[in-house]
Structure formats: structure tokens, C-alpha cells
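Reader: I would like to go through this structure by asking what backs each label. Please set the values against the cut-offs.

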Amino acid sequence: MGPGPINADPRVLRAMSAQLVGQYDPAMTAYMTETMELYRGVFRTANEATLLVDGTSRAGIEAALVSLIEPGDRVLVPIFGRFGHLLREIAERCGAEVHVREVEWGTVFPAAVLERAIEGIRPKLLAIVHGETSTTVAQPLDELGAICARHGVLLYTDATASLGGNEFETDAWGIDVVTAGLQKCLGGPSGSAPITLSPRAVSIVNERKSIEAGIRAPGDRVSAHPIRSNYFDLAMILDYWGPKRLNHHTEATSMLYGARECARLLVEEGLPAAVERHRLHGSAMVRGLRGLGLTLFGDQAVRMNNVAGVLIPDGIDGDAARAVLLADYGIEIGTSFGPLHGKVWRVGTMGYNARRDTVLLTLAALEQVLRRGGVAIPAGGGVDAALDHYASEQAA
């Protein structure tokens with residue numbers, strides 16, 4: 001019940017136990033094609049270039065940035081938490097001229113502030129996190145696509161923490177590239193990074209295409225300035241997933257099975273229903289945390305549905321309390337990073353664990369840990385508040 005990873009859905013685990021098949025077996029290439037279509041539904045896009053990068057969610061981020069950025073490109077990175085710093089780090093390693101804007105952790109950027117930054121910097125790329133799990137808030141993106149389009153800027157976002165549990169519209173919001181992971185709202189294990197690229201982004205990536213020796217055919221493109229990673233070269237990965245079936249790497253078969261099942265679950269439930277489920281149980285958790293007398297962290301107007309931050313009460317060792325919660329009740333919640341470490345707990349309600357029973361059990365266990373730690377809290381206050389919330393939602 002932390003900020004991720006969470007318990008994987010049993011259907012995903014069963015899918016991952018299936019026997020391996022060769023990467024060019026017709027069954028395998030059919031699974032790949034089906035997975036691409038499923039993730040178009042997850043990302044809410046018609047992008048043909050919708051696929052998986054083999055690796056954790058950070059692999060998807062790195063593949064996107066190393067394939068889009070050439071040394072010397074100007075990149076704007078708005079930072080409102082730990083993972084904005086990660087985007088900056090990767091962009092700098094790609095040789096970009098990185099420009100940063102920062103706001104206080106727990107808040108987000110007004111669209112007008114980002115447009116003024118774009119006008120002053122004139123970047124090639126705006127790279128921004130959507131759901132910042134380190135602070136539990138989500139940056140509104142609905143205006144940024146139009147702003148970037150007006151100024152000829154590519155828009156990339158990392159939606160690892162938010163996709164599947166919060167409203168997200170790749171095409172309607174005009175986002176060029178989105179990357180994600182399975183281990184949060186999608187209810188799977190870390191190790192596969194879904195990604196979608198607009199036709200404009202694909203064109204930019206393919207301008208740097210350079211087919212490696214050994215698989216190169218006569219007439220294949222060889223660039224003087226290729227993408228600076230072989231493994232994360234999206235130009236070749238796109239050919240691997242496309243009709244050419246370019247022999248780029250050996251597909252992580254079990255992870256593809258898992259990623260495919262994550263998407264099947266979400267598409268079967270319906271994305272609006274999944275977002276509503278995360279909203280319902282996430283808001284019940286928030287009401288329960290308040291019922292325990294805890295103070296929420298961050299701007300609640302932009303809090304993600306699937307994770308809440310609370311200030312650790314005075315007199316409690318936050319890490320020790322988390323250890324007791326795990327040892328005695330088998331429940332994990334998270335701490336945070338940097339300036340928030342030791343000051344904030346992050347409590348997740350996402351994926352397979354976005355359920356009524358997990359919310360109530362977590363609140364009941366947390367109450368006991370706090371009480372035994374010497375914190376004066378209302379008896380049953382967390383569970384009662386969550387139950388009242390469920391009752392009011394049902395009545396409405």
C-alpha cells in the first residue's frame with residue numbers, strides 16, 4: 001500500500017507463468033501486435049507507434065529522451081519533485097542544454113508559467129512528469145499540448161505513476177511521447193515500459209536511424225549522428241515491433257505476457273471505470289487518514305487518485321513505524337525522498353490494491369501502530385471516516 005510497486009493482479013502472474021515461445025514464432029508476433037493495439041486503448045491514442053520497451057519504467061524514459069535529443073538541443077524540464085530531477089539527469093547525459101524551472105514540492109506549474117518559459121527558452125522538447133509520486137500530485141497536462149504546438153515544441157511526459165488510475169488523454173491533450181510502467185495503477189511487476197509516440201515524434205526519431213552492421217541490408221540507412229544508445233534506439237525498436245521485425249534484441253517474453261494481461265484487464269474494465277475505482281478508494285483512504293488526525297501533504301486540488309501524502313506525526317520515528325506496520329500486519333507504506341524523507345509517508349491505493357478491504361485494513365493497522373507509538377488519535381477514526389465516505393458515495 002505504498003507508492004509502488006504494489007501487489008500484481010493474480011491474472012497477470014498467471015499469464016507470466018506461460019511457456020516461452022520464440023521471438024519470431026507467429027504466435028509471438030501476434031501477441032506483440034495485439035499488445036500494441038491494447039496499449040493504444042490504455043494511452044487513449046491512435047498512434048501506430050505504441051509498443052513496449054524491455055526494462056523498467058526508467059528504460060522507457062531513457063529510450064524516449066536518448067532517441068529524441070541530440071547533443072546541444074535545448075530541453076525544458078519543469079521540476080516539482082524527485083522524478084523531475086531524473087528527467088533533468090537523463091537529458092543532461094544525452095548532451096542536451098537543459099533549462100530548469102522549479103516550484104515547491106507539493107505544488108504544480110500553472111500552464112501560463114510554462115508557456116512563458118517556452119517563449120524565453122525556445123526548447124526543442126518539454127519533458128515533464130505527469131504524476132509525481134514523490135509529492136503525490138499530478139501536473140495538469142490538458143493545456144500543454146496546445147501550448148507546445150503553438151511554439152513548435154515536442155511534448156514528452158512520464159506517466160508511470162498515474163496511467164490507468166487518473167484521467168489521461170494522449171491524443172486529446174496533444175502529447176507527442178508518453179512512457180509508463182506496469183508496477184503502479186496497471187497492476188503488474190516492474191520490468192516493461194509501455195511507450196507511445198506521435199507521427200511527428202516518430203519522424204524525428206527516424207531521422208537519426210542507423211541500422212547496425214550485421215543486420216544491415218543494402219540500402220539501409222546509416223547515420224553520421226546515430227542515437228547514442230544501441231539498446232534504447234527507438235528507431236530500431238520500432239522496426240523490431242513493426243512489419244520489418246528487425247532483429248534488434250530478444251523480446252522479454254514473460255514480461256510481454258504480463259504487460260499484455262495488464263492492458264487486457266484495464267481495457268476489459270474500461271478506462272473510465274478504472275479511473276473512477278481509483279478515485280473512489282483513493283478518496284476513502286484520504287478521508288480515513290484525516291479521520292486518524294493526520295495532516296495531508298501537498299496541494300489536494302491536484303492530488304493523484306492513487307497515492308496520498310501525510311505528515312508523520314510528532315514523536316513518531318517514521319521509518320520505525322513503517323517497519324512495525326510491515327512486520328506485524330504485512331502492510332507496506334512508503335516514505336519519500338530528499339527534503340521530504342522522514343517527514344512524509346506516502347500511502348498508495350492503486351492497481352489490484354485499489355479495493356475497499358485493503359483501504360479499511362490499512363487504516364485499522366495504521367491506527368494500532370500510531371496508538372502504540374504514543375500518538376493520541378480517535379479510536380476507530382480512520383475506518384469510520386472511510387466507511388462514512390463509502391456510504392455517502394453509494395448514496396450519491
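Reader: What covers the buried residues of H4?

Author: This is a predicted model. The cover includes helix H3 (57-68), strand S2 (74-79), strand S3 (97-102), strand S4 (125-129), strand S5 (131-132) and S7. The buried residues of H4 are Phe83, Gly84, Leu86, Leu87, Ile90 and Ala91.

Reader: How do you know that they are on the same side of H4?

Author: By the arc that they cover around the axis. It is only 150°, which puts them on the same side of H4.

Reader: What span does H4 have, and what is expected?

Author: Helix H4 (residues 82-93) has 12 residues. From first C-alpha to last it reaches 17 Å, close to the 16 Å expected at 1.5 Å a residue. After H4 comes Gly95, with a positive phi near 90°.

Reader: What makes H3 "mostly covered"?

Author: The count of buried residues: 10 of the 12 in H3. Among them are Ile61, Leu65, Val66 and Leu68.

Reader: Why are S1 and S3 said to stand at the edges of the sheet?

Author: Take the strand order. The open sheet has 7 strands, ordered S1-S9-S8-S7-S4-S2-S3, with mixed pairing. Strand S1 (49-54) and S3 each have a single partner strand, so one side of each has no neighbour in the sheet. From one strand to the next, the twist averages 20°.

Reader: What joins S2 to S4?

Author: 2 bridges join them, and the two strands run parallel. Leu76 has Leu126 in S4 as its bridge partner.

Reader: Which helices pack on the sheet, and which strands do they touch?

Author: H4 packs there, touching S2, S3, S4 and S7. The direction of H4 makes about 165° with that of S2. Helix H8 (residues 234-241) also packs on the sheet, touching S1 and strand S9 (192-197). The direction of H8 makes about 105° with that of S1.

Reader: Why is H7 called roughly perpendicular to H8?

Author: Helix H7 (residues 199-206) and H8 pack at about 115°, with axes 8 Å apart. Roughly perpendicular covers 65 to 115 degrees. That makes H7 roughly perpendicular to H8. Val202, Val205 and Asn206 of H7 make the contact with Leu234, Ala235 and Leu238 of H8.

Reader: Why does Asp176 count as buried?

Author: Buried means under 20% relative accessible area. Asp176 has 10% relative accessibility, so it counts as buried. Asp176 sits in the loop between strand S7 (154-158) and strand S8 (177-179). Leaving out residues up to four places away in sequence, Asp176 touches Val153, Leu154, Leu155, Thr196, Leu197, Ser198, Arg200 and Ala201.

Reader: What makes Val286 buried?

Author: The cut-off is under 20%. Val286 has a relative accessible area of 5%, so it is buried. Val286 lies in helix H10 (residues 271-291). Neighbours within four places in sequence aside, Val286 is in contact with Leu296, Arg303 and Ala308.

Reader: How many residues along the chain separate Val286 from Ala386, and what is the C-alpha separation?

Author: They are 100 residues apart along the chain. The C-alpha atoms of Val286 and Ala386 are separated by 8.0 Å.

Key
Residues numbered from 1 in each chain as written. Predicted model: local features only at pLDDT ≥ 70, side-chain atom pairs only at ≥ 80, totals over all residues. Heavy atoms only, no water. Helix = DSSP H or I, 4+ residues; strand = E, 2+ residues; numbered from the N terminus. Buried < 20%, exposed > 50% of the residue type's maximum accessible area, 1.4 Å probe, protein only. Contact = heavy atoms within 4.5 Å. Expected span 1.5 Å × (residues − 1). Arc of directions from axis to C-beta. Pairing = 2+ DSSP bridges. Axes fitted to C-alpha atoms, helices over the stretch in contact; angles between N-to-C directions. Parallel < 35°, antiparallel > 145°, perpendicular 65-115°, else oblique.
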